[in-house]
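Biologist: Please take a close look at one part for me: the aromatic pairs. Which rings pair, and where do they sit?

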Amino acid sequence: MLQRIQPAKKLPALPIAEAAYPAPFAPGLEYSPAARGTWNIVHTGMLLPESHQIYICAAGCLRGVVLTAAEMGDAYRRRFSALELREDDLYRTDHETFLIEGITDILRRLPRLPRAVLVFTACVHHFLGCNLRYVYQTLRERFPSVAFAECVMDPIRQTKSLTPEERERREIYRLLPSDREKNRHLVNLIGSNLALTAKSDIKELVHACGRELLDLTECHSYDDFLRMGEASGNLYTNPFTHVAARDLLRRLGQDALFLPQVWRYEEICDALTQLAAFLGGSCPDLRPRIATCELALNALHGQIGAQPIAIDFTFTFLPMSLARLLISHGFHVTEIYADAIAREDEANFRWLQHHAPDILLYPTKHPAMRRKPRAQADGAPPLLALGQKAAYFTGTRYFLPAVEGGGHYGLEAISWLAAAMSRAALLPQDTEQIIRRKGWGGPSCLS
């Protein structure tokens, strides 16, 4: 019998001039590339001091979160538990009782009760109509000293509802008390996975305005975290935090200011001007720092010249802004890996369509991307990748493994970027060994 030979499917790459905003690629079956340095819900939950996480789902879903906890080391692994749902549980088990008694058993076996417990139910609990309100009411009656955060690990509904990352951030900050007296000298940075560097533009301006900045990533105890309920306002740079910020405004009356992770001078100056007004202060003269950035970028361009550069969305939430900065300074950005374009990045996307129409835009989740060649042509100049997914898809050994901006922001981030790109262009790395490691404690956490 003759077999029909299936034609090879083309990669779903688009010249950026042909890409549609905000979703250049049609949704469908999703692929997860083997670049594991980004943060996930386990890492984020571990930022809450004196807390414990409990995941309730099937073994296949548990595998990823269990491996994350295991890779974090013993101190964090002891703050993680799981209840496995098996196939016969779907039709034989009283799920409310299973949740209540399973969580009760876990907590009573711990050496001491945690201050907070992050419970992650799964999509199956929604499918089965589990009465989660009753479950949490019973748990709070049994353990009145424990604060329960009602999280989910439910990728099924995330296109129509909150993503697990958005829900987790909202539930963590819902643990902040509503009865604390507000202190106008305190301001929070919420929703970040990485602490801002001491010299970041946000920290320096907050301190220059006479305010103290509180950040979950720098809390050493649960009481430190509770103190965030006293702040008069919230700042955030992570777009997964919009829902939490709105909830805190409604519940605690804390005003919020979103400071997107922008890269161009005009955008940065505008963001810092807004921040100064939010804090009741004034923005300093930024021209000397811009001049320093110009010197750093010019020196970098003198070093790497027309070396091709690839950027992915895990390196920065706004890759179009970063690409525009680099192209405006003569750098050769050839590829961007992003599945969607953020509203804050639309103007930069439109600019790139006009000024750099040949940049190739790749998705990271499309199944056909697993067949993308990950080797560079013989004799081609080595590609410099900004982000672990870009490094994975291109196969380069020259890359920056940082995620989410690496804890940098503003003009300070540009100076850091120039120095970091200079080093990365000179020093080849073992790409496979680096990107296979989870975010916590891995190179992606280092600034």
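Modeller: Here is a walk through the aromatic pairs.

This is a predicted model, where local features need pLDDT of at least 70, side-chain atom pairs count only at pLDDT 80 or more, and totals for chains, interfaces and linings use all residues. Residues are numbered from 1 along each chain as its sequence is written, and side-chain values use heavy atoms, with hydrogens and water left out.

The structure holds 10 aromatic pairs. Rings of Phe, Tyr and Trp (its six-membered ring) pair if their centres lie within 6.5 Å; planes under 30 degrees apart count as stacked, over 60 as edge-to-face and the rest as tilted.

Y55 and F120 are stacked, at 4.2 Å centre to centre with 5° between the planes. Y55 belongs to strand β2 (residues 51-57) and F120 to strand β4 (residues 116-122), 65 residues apart. Strands (E, at least two residues) and helices (H or I, at least four) are DSSP runs, numbered from the N terminus. Both Y55 and F120 are buried. Buried means under 20% relative accessible area, exposed over 50%, partly exposed in between (1.4 Å probe, protein chains only).

F315 and W416 are also stacked: 6.1 Å between centres, 15° between planes. F315 lies in the loop between β10 (308-312) and α14, and W416 in helix α17 (residues 411-426), so this pair ties together parts 101 residues apart in sequence. F315 is buried at 0% relative accessibility. W416 is buried too, at 11%.

Y337, Y362, Y392 and F393 form one aromatic cluster. The charged end of K372 sits over the Y362 ring, 5.1 Å from its centre. That term requires NZ of Lys or CZ of Arg within 6 Å of the ring centre and within 35 degrees of the ring normal.
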